[in-house]
Amino acid sequence: MQQFNDVQLNSMLNFVQNQKTYVEKTAYETKFPEIIYNDLVPVDMSAPAWTQTITSLSSEEIGQAGWINANADDMQTVELKFLTSEKPVYEAGVGYTYGYAEIQQAMAYGRNLSAEKAVVARKAYERFIQKVAFVGDKTKNLQGLTTATSVNVISATKTWVTATQEELLTMVNKLLVTKSADGEFVTISDTLLLPVSAWEVLASRTLANGSGITLLTYVKENNVYKATTGRDLDIRAIGQLTKAGNGGLTRAVAYTRDPSVLNLHIPMPQMFLPVHRTGLMNFAVGSMFRTAGVNIKDPTAVRYMDGV
């Protein structure tokens, strides 16, 4: 009668450990179309993996050029006012297991273990990070791209379903532009995130002139960012904006997608751990990762509009 013994179990453990190279390579190489945080938030992995906090440095420019007397000591100078903030780094993890039978079958037939569970664990990591990036996590006091309290919130004059095309373009341009205190300089956002309902309004409605051109195409060609820079405004629809506004309203987000404005700190991206035996019949592979969430370094370059 066949009996389980330590030699057999150790052989299975070694087999799973040796399979990790193939399994994890498959997991890391798998792309998930719904994962878009890398496109929308600059990711910073430069901090040491086990750092306890992330220290962020932001600066405020003070001073400007002016007329001088060449024979006098009245040179105009500029200064930088530096502000620092610290954000704690938190650990999270997700793993997967192989059962006794599936390991024995793979060993008996000389085939690789399935990578499907590792791929699911990888997807779970990416979804977790995307949620943190977009909406944060209240249990860790993390704010996301769409929920930062430091960002100025303005209200839509009308819901986009009821607004005319002129009103829509006015609201879009108002959202894209941030003026300095003296009104002389402006910051123009290069990225516009919309709740799905607002994006559908733009994509489905056509101009009143009968040209057949959708409002989405019209806005892309006639916004203040393109008029100023000559470059295309990036307009995306994300589901997390459906109830992101105050009181559960829809919210649109406009911002400058640049590391000087915001970034997502991930000192340790997902790292799969060694195989270990769990219980009598299973072998588990855990993974862990560490993040400090999103840091909006320049809130003046981000704007929210609620009620779109």
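Predicted model: local features only at pLDDT ≥ 70, side-chain atom pairs only at ≥ 80, totals over all residues.

Biologist: OK, so is N141 buried or exposed?

Modeller: N141 counts as exposed, because its relative accessibility is 67% and the cut-off for that word is over 50%.

Biologist: Where is N141 found?

Modeller: In the loop between β6 (136-137) and β7 (142-143). N141 also has a positive phi of about 60 degrees, although it is not a glycine.

Biologist: Which residue takes a positive phi just after α4?

Modeller: That's G136, with a phi of about 80 degrees.

Biologist: And α4 itself, how many residues does it have?

Modeller: Helix α4 covers residues 116-135, which is 20 residues. From first C-alpha to last it reaches 28 Å, close to the 28 Å expected at 1.5 Å a residue.

Biologist: Which residues of α4 are buried?

Modeller: The buried residues are A118, V119, A121, R122, Y125, E126, I129, Q130, V132, A133 and F134.

Biologist: Switching to R251. Which strand does it lie in, and is it buried or exposed?

Modeller: R251 lies in strand β13, residues 251-255. R251 is buried, at a relative accessible area of 4%.

Biologist: What lies by a polar atom of the R251 side chain?

Modeller: Two backbone oxygens that I can point to. The one of T146 lies 2.9 Å from a polar atom of that side chain, and for the backbone oxygen of A244 the distance is 3.4 Å.

Biologist: Now salt bridges. How many does the structure hold?

Modeller: There are 12. One of them joins the side chains of E29 and K25, at 2.8 Å from N to O.

Biologist: How many residues apart are E29 and K25?

Modeller: They are 4 residues apart in helix α1 (residues 6-29), so about one helical turn separates them. E29 is partly exposed at 48% relative accessible area, and K25 is partly exposed at 48% as well.

Biologist: What about R236, which residue does its side chain meet in a salt bridge?

Modeller: D234, at 3.0 Å from N to O. R236 counts as partly exposed at 24% relative accessibility, while D234 counts as buried at 18%.

Biologist: Which residues do salt bridges with shared partners join into one network?

Modeller: E221, K226 and D232. Within it, E221 forms a salt bridge with K226, with the closest N and O atoms 3.1 Å apart. E221 is partly exposed, at 47% relative accessible area.

Biologist: Last topic, the open sheet. What's the order of its strands?

Modeller: The 3 strands run in the order β1-β14-β17, and the pairing is mixed.

Biologist: Why is one side of β1 and of β17 left without a neighbour in the sheet?

Modeller: Because β1 (43-44) and β17 (293-296) stand at the edges, each with a single partner strand.

Biologist: How many bridges join β1 to β14?

Modeller: There are 2 bridges, and β1 runs parallel to β14, which spans residues 262-265. D44 stands opposite H265 in β14.

How values were computed:
Residues numbered from 1 in each chain as written. Heavy atoms only, no water. Pairing = 2+ DSSP bridges. Buried < 20%, exposed > 50% of the residue type's maximum accessible area, 1.4 Å probe, protein only. Polar contact = N/O pair within 3.5 Å; in protein donor to acceptor, adjacent residues only side chain to side chain. Salt bridge = Lys/Arg side-chain N within 4 Å of Asp/Glu carboxyl O. Expected span 1.5 Å × (residues − 1).
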